[in-house]
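Hi,

Here is the structure I promised to pass on. Have a look first, and my notes follow below.

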Amino acid sequence: MNQALALEIMLSGQSVLLTGAAGSGKTYVLGEFIRHSKAAGKSVAVTATTGLAASHLGGVTIHAWSGMGIHHELPRNFFGNLTKARQETIAKADILIIDEISILHDYRLDIVDQITRKVRAKKDQPFGGLQVVLCGDFFQLPPVNRSGEKAGGFVVGSESWQTLDPVICYLEEQHRQDDAAFLEILNALRAGDIRRRHAEQLLSRLKAELPGHNEIAELHTVNVDVDAINNARLNDLKTTAYRYRMITTGGENYVETLKRSCLAPEELVLKEGALVMCVKNSPDKKYINGSLGTVIGFETETNYPKITLMNGRELTITPESWELRDGDKKRAGITQVPLRLAWAITIHKSQGMTLDAARIDLSRAFVEGMGYVALSRVRRLDALSLNGLNNMALKVSQSALEIDKNLRDKASLDRVKFAHLESLAAERKQKTGPQQKSSSDWSERLAKVRQQYPRAFRPWAKADDQKLLDLYKNGGDLKAICAALQRQPGGIKARLKKHLGEDMVKF
């Protein structure tokens with residue numbers, strides 16, 4: 001199925017599983033569906049099974065949204081203790097999205113079904129009548145069963161999956177790999193059919209040189225290796241260090257959740273010569289999540305880093321924002337320069353990224369699917385250098401293989417069933433006008449803002465914070481506080497919410 005038809009099926013109101021190989025465009029289609037649905041006035045609950053995946057979509061974890069938390073089954077007094085605000089959030093949603101569905105245990109999907117039926121007072125309808133969009137790839141991260149906890153499998157084994165009976169939108173196009181030989185290896189790995197020639201091709205990349213790439217990101221299986229490599233390489237640089245502190249808004253618990261979910265560090269330390277990775281898609285499409293670059297300098301006025309991407313493009317990286325949303329409510333927000341040191345990164349955190357080149361250490365791969373996730377980050381075999389490879393790295397889940405066959409069979413039937421929507425997909429594509437332009441010249445925008453607010457976007461000193469709190473507690477209005485501190489209204493409100501909490505700021 002192509003992306004256009006999958007999107008049209010989702011927009012028609014069907015509950016679906018959006019799946020496909022790494023690089024097939026699942027995240028793109030999901031983003032388009034969210035955008036169109038919100039534009040149509042729908043209330044979209046955007047969730048994921050991990051905080052990292054949720055942050056990419058601007059949502060929350062399914063555990064937090066549903067209120068089930070860490071429960072393996074609903075306690076007897078669960079609904080009596082479910083807050084009114086949580087019930088209202090669940091009740092007013094039209095669409096429930098759950099990304100990275102491969103990680104969710106079958107019994108947890110059943111719990112979400114129980115909760116939504118009860119809260120929405122529609123016990124006879126799957127998920128209380130919500131349109132449910134599940135997204136993910138069962139060949140990637142599986143559910144984790146820990147000792148002493150209830151064990152479970154993939155969601156396709158749940159009762160709620162059977163009653164929901166989602167349409168299977170299996171994306172078959174490839175938008176990442178452009179190397180036929182490498183794509184054959186990935187498809188063989190995905191099919192559990194690695195042959196000698198595939199293994200030999202991979203082994204030929206052991207310690208391989210990557211011509212034209214002076215600095216390459218390394219992917220490792222554990223955090224301790226990643227941190228050690230990045231810190232050592234940064235310390236080796238003798239250039240001046242520049243520091244960027246994360247700005248946060250919202251309740252403390254929500255902020256901490258968002259911090260853990262975001263790839264941008266709380267304090268980013270950069271030096272000229274540092275290898276960095278973009279950790280968000282640029283609004284003006286100048287870089288994507290996973291783009292690699294080297295710091296070549298810093299702007300004089302703002303100290304924002306100037307980088308050269310591997311494609312040769314030079315640009316200044318300006319702060320971006322991430323939000324943690326709960327339905328229509330913004331619970332927390334953070335603003336930071338969207339970069340991280342990229343000499344090394346974990347395979348887990350690389351999921352969803354597209355890397356121009358990478359050195360990957362799979363000598364300590366410890367779970368099925370880890371090798372597939374890591375290898376599929378790069379576009380071509382000649383952009384890959386392996387530091388190590390073990391047998392586990394070449395394995396995929398046998399359950400995933402069986403599930404995949406069933407999904408493909410049903411997807412073929414569903415593609416025929418909804419073929420009448422292909423004409424609508426073509427019409428939508430023709431009618432799509434040019435995207436709204438966004439200014440890419442940060443310096444011009446900053447200069448314009450500072451004509452009225454000279455201290456806009458400058459760091460907050462302790463004295464500034466104290467003056468802000470004194471003015472607010474003494475009854476100062478927003479306009480007067482902005483004038484006194486020479487900062488924008490949005491910055492004033494955000495800073496007050498950071499110190500006092502979202503509910504305590506009255507303007």
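Before the notes, one term: contact, or touching, means heavy atoms within 4.5 Å. Keep in mind that this is a predicted model, where local features need pLDDT of at least 70, side-chain atom pairs count only at pLDDT 80 or more, and totals for chains, interfaces and linings use all residues. Residues are numbered from 1 along each chain as its sequence is written, and side-chain values use heavy atoms, with hydrogens and water left out.

Let's start with Thr116. This residue sits in helix 7 (residues 106-119); helices (H or I, at least four residues) and strands (E, at least two) are DSSP runs, numbered from the N terminus. Thr116 counts as buried because its relative accessibility is 0% (buried means under 20% relative accessible area, exposed over 50%, partly exposed in between, with a 1.4 Å probe and protein chains only). Leaving aside residues up to four places away in sequence, Thr116 touches Trp65, Ile90, Phe127, Gly128 and Leu130. Its side chain also reaches back to the backbone oxygen of Val112, at 2.8 Å.

Thr346 is another buried threonine, with a relative accessible area of 5%. You'll find Thr346 in strand 18 (residues 344-346), touching His220, Val222, Asn223 and Val226, again not counting residues up to four places away in sequence.

Five strands form an open sheet in the order 14-13-12-11-17, with antiparallel pairing (two strands pair if DSSP finds at least two bridges between them). Strand 14 (314-316) and strand 17 (339-341) are the edges, each pairing on one side only. On average, neighbouring strands here are turned by 45 degrees against each other, direction ignored (axes are lines fitted to C-alpha atoms). Within the sheet, strand 12 (residues 292-298) and strand 13 (residues 305-309) run antiparallel and are joined by five bridges. Thr294 stands opposite Thr308 in strand 13.

On a 1 Å grid over the protein atoms alone, a cavity is a set of points where a 1.4 Å probe fits but cannot get out, and lining residues have an atom within 4 Å of a point. The count comes to one cavity of 30 Å³ or more, and the largest cavity holds about 40 Å³ (the volume is the space filled by probe spheres set on the points, which are joined across faces, edges and corners). Its lining is Ala21, Ala22, Gln174, Gln177, Leu183, Leu186, Asn187, Tyr372 and Ser376. Helix 9 (residues 180-190) gives the largest share of that lining, three residues.

Cheers

Terms used
Axes fitted to C-alpha atoms, helices over the stretch in contact; angles between N-to-C directions. Polar contact = N/O pair within 3.5 Å; in protein donor to acceptor, adjacent residues only side chain to side chain. 1 Å grid on protein atoms, 1.4 Å probe; cavity = no way out; pocket = protein on both sides within 12 Å on 5 of 7 lines; lining within 4 Å.
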